[in-house]
Amino acid sequence: MIIESNKTDKLLIVTPMEKRIDAYSAKDFKGKMVDWINEGNFHILIDLVNVDFIDSSGLNAIVSSLKTIGKNGDLYLCSINETIMSMFRLTRLNRVFKMFDSKDKAVEALSS
Amino acid sequence: MIIPKTIKLTIDSYLENVFWIGLAVRSFCSYFYFNEVESCQIELSVVEAVTNSIKHAYQMQPMGKVDVIVSIDDRSIIFDICDKGKTMMTFEKATLEFDPQDIESLPEGGMGLYIIQNTMDEVIYKQINGMNILTLIKYLKKI
């Protein structure tokens, strides 16, 4: 899975470049997230602007990443389309993650 | 236009093939007047079911086949997900209990069946002649 990453002063911004985070790609996604966390990136923003489908394996990978960060930092999400948001609402995971409409809004809020 | 009442999609039991089933299901749903969110939710349910067949029934072994039989009638669209792998031991109402403030309580599994049961109108599991069949039914919207 291709994931672009960009470091700011306070954040690592990761942007999956593929449309789906599913059972086929979730293991790779989770592995890359763990690598970034182990490198000391504890405040990570996942920009879902390119993603139009996430299944339960993808949700599990995102939850697992948050657990790996633990109390050292936080995991943020942005640019979530309505179909994916409906899954977060159904599973109540929308109450777990801090979510932003866009990357710019997230960076602005998290950099202040 | 007269359309066929049933179509069967078959994939080999590789996770990378599930994507094709998802694409087809989303297209069927859009054609039958489900909106984008509903179509994606139905796609997700079928994808979860097919993924379960590959992961749990075939235990990731690639020699199996998964059939998805799509049927349409006056009131519903029906997906029969069929495999000949290991039988599901239990099929009960899935729950998803956690405290959103406590990250250690967050689930890292078991969401698939919960999503299916809370998205589709009817979910039925049965075994017939060595075939595991998970039937997912979504009622058509009246227009």
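1. Nonpolar core. In this predicted model, the largest nonpolar core has 71 residues. A:Phe97, B:Val50 and B:Phe79 have the most contacts inside this core. Helix H2 of chain B (residues 36-57) gives the most to the core, with 8 residues. In soluble globular proteins, nonpolar side chains tend to be buried together.

2. Surroundings of A:Phe97. With neighbours within four places in sequence left aside, A:Phe97 is in contact with A:Ile62, A:Val63 and A:Leu66, and also with A:Leu75, A:Leu77 and A:Phe88.

3. Second core. A separate core of 7 residues is also found; A:Leu11, A:Leu45, A:Cys78 and A:Ala106 are among them.

4. Sheet of chain A. An open sheet is formed by 5 strands of chain A, with mixed pairing and the order E1-E2-E4-E6-E7. Its edge strands are E1 (3-7) and E7 (98-100), each of which pairs on one side only. On average, neighbouring strands of the sheet are turned by 25 degrees against each other, direction ignored.

5. Pairing of E2 and E4. Which residue of E4(A) is the bridge partner of A:Val14? The partner is A:Ile46. Strand E2 (residues 12-16) and strand E4 (residues 43-47) of chain A pair in the parallel sense, over 3 bridges. Such pairing in a sheet runs through backbone hydrogen bonds, either parallel or antiparallel.

6. Helix on the sheet. Helix H2 of chain A (residues 56-69) lies across E4 and strand E6 (74-78) of chain A. The helix runs at about 145 degrees to E6(A).

Key. Residues are numbered from 1 along each chain as its sequence is written. Chains are lettered from A and ligands numbered from 1 in the order in which they are written. This is a predicted model: local features need pLDDT of at least 70, side-chain atom pairs count only at pLDDT 80 or more; totals for chains, interfaces and linings use all residues. Side-chain values use heavy atoms; hydrogens and water are left out. Two strands pair if DSSP finds at least two bridges between them. Helices (H or I, at least four residues) and strands (E, at least two) are DSSP runs, numbered from the N terminus. Axes are lines fitted to C-alpha atoms, for helices over the stretch in contact, and angles run from 0 to 180 degrees between N-to-C directions. Contact means heavy atoms within 4.5 Å. A nonpolar core is a set of buried Ala, Val, Leu, Ile, Met, Phe, Trp, Tyr and Cys residues joined through side-chain atoms within 4.5 Å. Buried means under 20% relative accessible area, exposed over 50%, partly exposed in between (1.4 Å probe, protein chains only).
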